[in-house]
Amino acid sequence: MPTETVYGLAADAANARAVAAVYAAKGRPSFNPLIAHVSDLAMARRIARFDARAEALAAAFWPGPLTLVLPAADTAAVCDLARAGLDTVAVRAPGHPLAHALIAALGGPVVAPSANRSGRPSPTTYADAMEETGEAAAAALDGGPCQIGLESTVVGLLDEARLLRPGAVTRAQIEAVIGPLAEAEDDAKRSPGRLARHYAPNAPVRLEVTQAAPGEAWLSFGPSGTGPWNLSPGGDLAEAAANLFAYLRAADRTGPTGIAVAPIPSDGLGEAINDRLRRAAGFVG
Ligand code: TXA
Ligand code: MG
């Protein structure tokens with residue numbers, strides 16, 4: 001299933017057998033819960049308990065790249081396996097017309113983890129998605145290249161509002177709606193997407209590099225950047241986000257001794273880009 005962020009491997013959220021097949025195709029640990037994708041706010045309210053903060057964020061950013069972790073309301077609509085046994089549920093309304101049409105046609109929530117095999121970079125094109133987990137899918141929708149290229153932002157609203165995964169909606173955009181975000185707890189179970197060594201290509205990744213070593217592939221950034229993989233010659237973070245996973249894959253395919261990545265500013269979307277890069281390099285616990 002294409003979305004505006006990355007391609008997802010989709011299944012009926014209520015169907016535990018289908019959800020089990022998704023975990024198996026990804027090689028994903030079953031303690032890492034999935035996002036329930038909904039067609040609209042009404043469907044979201046059937047499966048999760050919305051408070052005023054959740055209402056405000058949904059009004060501001062849906063449909064779009066924001067996932068809310070909320071208390072589960074209907075535990076059958078998103079099965080136990082999809083929630084990894086938690087009494088909470090992650091929910092988002094994707095902004096892609098094909099995703100919307102698929103979920104509306106099913107009439108219930110669709111779980112869709114990124115369509116990569118576990119630990120690998122998320123697919124941002126139809127071809128990359130097919131290469132990762134296409135064999136496991138009964139059907140596949142080609143929605144073209146993903147517009148954003150980076151996963152949704154995950155915000156927990158169980159007690160204090162917490163940024164569980166930086167993503168396409170920036171911290172500043174969220175804080176403008178609901179006020180300051182608390183830091184995510186150091187509890188991997190809360191959002192296992194924060195595990196170290198995630199989003200990783202085969203070649204080792206080296207960060208904040210100003211000159212690549214011989215044999216290394218070079219992901220550059222900005223007007224002074226060189227080579228075939230300049231994430232954004234104009235220094236635009238949205239363009240860099242859209243190119244990130246596709247360039248990591250393209251560089252990796254050349255069989256380099258490593259992948260060296262130029263420094264990327266950490267403001268705005270740069271927070272999420274640097275988060276993914278640190279995990280691709282295996283740095284973050
Ligand atoms: O942009 C996206 O969000 C993409 C597209 C396909 O929609 N999907 C995606 O799914 O990135 P996935 O499964 O790769 O990442 C889901 C993230 C993980 O970090 C997971 O741990 C977290 O959401 N998550 C899901 N349910 C949760 C819950 N109940 N509590 C805390 N974190 C949760
Ligand atoms: Mg993922």
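User: Which strand do two bridges join to strand β2 (residues 35-37), and which residue in that strand stands opposite alanine 36?

Analyst: The model is predicted. Two bridges link β2 to β5 (residues 110-111), and the two strands run antiparallel. In β5, the residue opposite alanine 36 is valine 111.

User: What is the strand order of the open sheet, and which strands stand at its edges?

Analyst: Eight strands form the open sheet, with mixed pairing. Their order is β1-β5-β2-β4-β3-β6-β7-β8. Each edge strand has a single partner, so one side of each is left without a neighbour in the sheet. The edges are β1 (11-12) and β8 (182-183).

User: Which element gives the most residues to the largest nonpolar core?

Analyst: This core holds 47 residues; Phe50, Trp62, Leu66, Leu68, Val91 and Val155 touch the most other members. Elements giving two or more residues include α1 (16-26), α2 (41-47), β3 (66-71) and β4 (88-92). The top contributor, with four residues, is α3.

User: What is the radius of gyration of the protein chain?

Analyst: The chain has eight helices and eleven strands. The globule rule gives 19 Å for 285 residues. The computed value is close to that, so the chain is as compact as a globular protein of that length. The radius of gyration is 18 Å.

Technical notes. Residues are numbered from 1 along each chain as its sequence is written. Chains are lettered from A and ligands numbered from 1 in the order in which they are written. This is a predicted model: local features need pLDDT of at least 70, side-chain atom pairs count only at pLDDT 80 or more; totals for chains, interfaces and linings use all residues. Side-chain values use heavy atoms; hydrogens and water are left out. Two strands pair if DSSP finds at least two bridges between them. A nonpolar core is a set of buried Ala, Val, Leu, Ile, Met, Phe, Trp, Tyr and Cys residues joined through side-chain atoms within 4.5 Å. Buried means under 20% relative accessible area, exposed over 50%, partly exposed in between (1.4 Å probe, protein chains only). The radius of gyration is taken over C-alpha atoms; the globule rule is 2.2 Å times the number of residues to the power 0.38.
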